[in-house]
Amino acid sequence: MIRRYLDKIFYGLLLLAGTGMLHACGTAGDADERPAVVVTTMMLEDIVNNIAEDRFSVHAMMGPGVDPHVYRATPNDVRRLDRADLIIYNGHFLEARLAEVLAKIPDRTFAAAEQLDESRLIQAFEFGGNYDPHVWFDVSLWAEVAAHVGERLIAFAPEHEEQFRSNMEAYIAELNELHEWVGEQISTIPEEKRILITAHDAFAYFGRAYNIEVEGLQGLSTQSEVGLQDITRMVRLIMDRNVPAIFLETSVPPRSVQSLINGVSERGGQVRIGGELFSDAMGERGTPEGTYAGMVRHNVTIIVEALK
Ligand SMILES: [Zn+2]
């Protein structure tokens, strides 16, 4: 009796495992004849999907809320990277802990942000890559990245050149329009209030492109710890400048921003959380913030509402 019961459970599990495997095969590319493209961030996935539509099987390693600075490859990632026909990553040391894995497969990798002309980049000597990797915050710069990725996709699948080129042009036109919109929105914040304080220093390109002062509690990478000195300096800045709101990031724990708020109130001041920004990761797929343009619009709307 017990034996039969156990057998039932065993077959049940086998069946479950079986469907799981079928599912895994379907998504991993065995049944899928299309070339496999692996990207690191969802921002890059957005570029590839817009340009190549469904020509490739595209997999983004880092989903919503995932912090690229500290992300390590899972065994599943390693398998996917092994089988991938093309691997597109941001570069400039954004994916710090993947560098070693990616270096082992140089023939199929493409560092999208490293294609940009150095004159367009912000230098960051304290950071491993020498340049700030957060280029997607300047939409016009991200449009340039899209052009580089588009050319790489065309070189990879020249039979689709016509389709890819026309999609690429449409996507870049959309980004250029978005870039204008962001500039207009930020300019509605009175100049003395135009200061963006976030958990980590991701917004330097945003600040440069749209004329807003940016301050991050943590440095360029979230790998470092926030020190008491950082908190003290920022509390003073918030008090001196009468900053009304500071911002959380979806891919960074809220702890450090909370200690900033506590620090301000201990000194008799007041600052509130202006909202949650998507910095190094986009929103859930199927929501507006799950697209690059939607993420940018969300961030800008939150910033303008909180600071104006
Ligand atoms: Zn970052």
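Predicted model: local features only at pLDDT ≥ 70, side-chain atom pairs only at ≥ 80, totals over all residues.
1. Sheet order. Four strands form an open sheet in the order β2-β1-β3-β4, and their pairing is parallel. The edges are formed by β2 (57–60) and β4 (109–111), each of which pairs on one side only. On average, neighbouring strands of this sheet are turned by 20° against each other, direction ignored.

2. Pairing of β1 with β3. Strand β1 (residues 36–39) runs parallel to strand β3 (residues 86–89), and the two are joined by 3 bridges. Within this pairing, Val38 stands opposite Ile87 of β3. In general, strands of a sheet pair through backbone hydrogen bonds, in either a parallel or an antiparallel manner.

3. Dimensions of α8. Helix α8 comprises 14 residues, 228–241. From its first C-alpha to its last it reaches 20 Å, close to the 20 Å expected at 1.5 Å a residue.

4. Buried face of α8. Met234, Val235 and Ile238 are the buried residues of this helix. Viewed down the axis of α8, the buried residues fall within an arc of 105°, and therefore line one face of the helix. An α-helix has 3.6 residues a turn, so residues three or four places apart point the same way.

5. Surroundings of α8. The buried residues of α8 pack against β5 (195–200), β6 (213–218) and α9 (255–266). On the other side of the helix, Gln229, Thr232 and Asp240 are exposed.

Notes: Residues numbered from 1 in each chain as written. Pairing = 2+ DSSP bridges. Axes fitted to C-alpha atoms, helices over the stretch in contact; angles between N-to-C directions. Expected span 1.5 Å × (residues − 1). Buried ≥ 20, exposed ≤ 12 C-beta atoms within 10 Å, placed from the backbone. Arc of directions from axis to C-beta. Contact = placed C-beta atoms within 7 Å.
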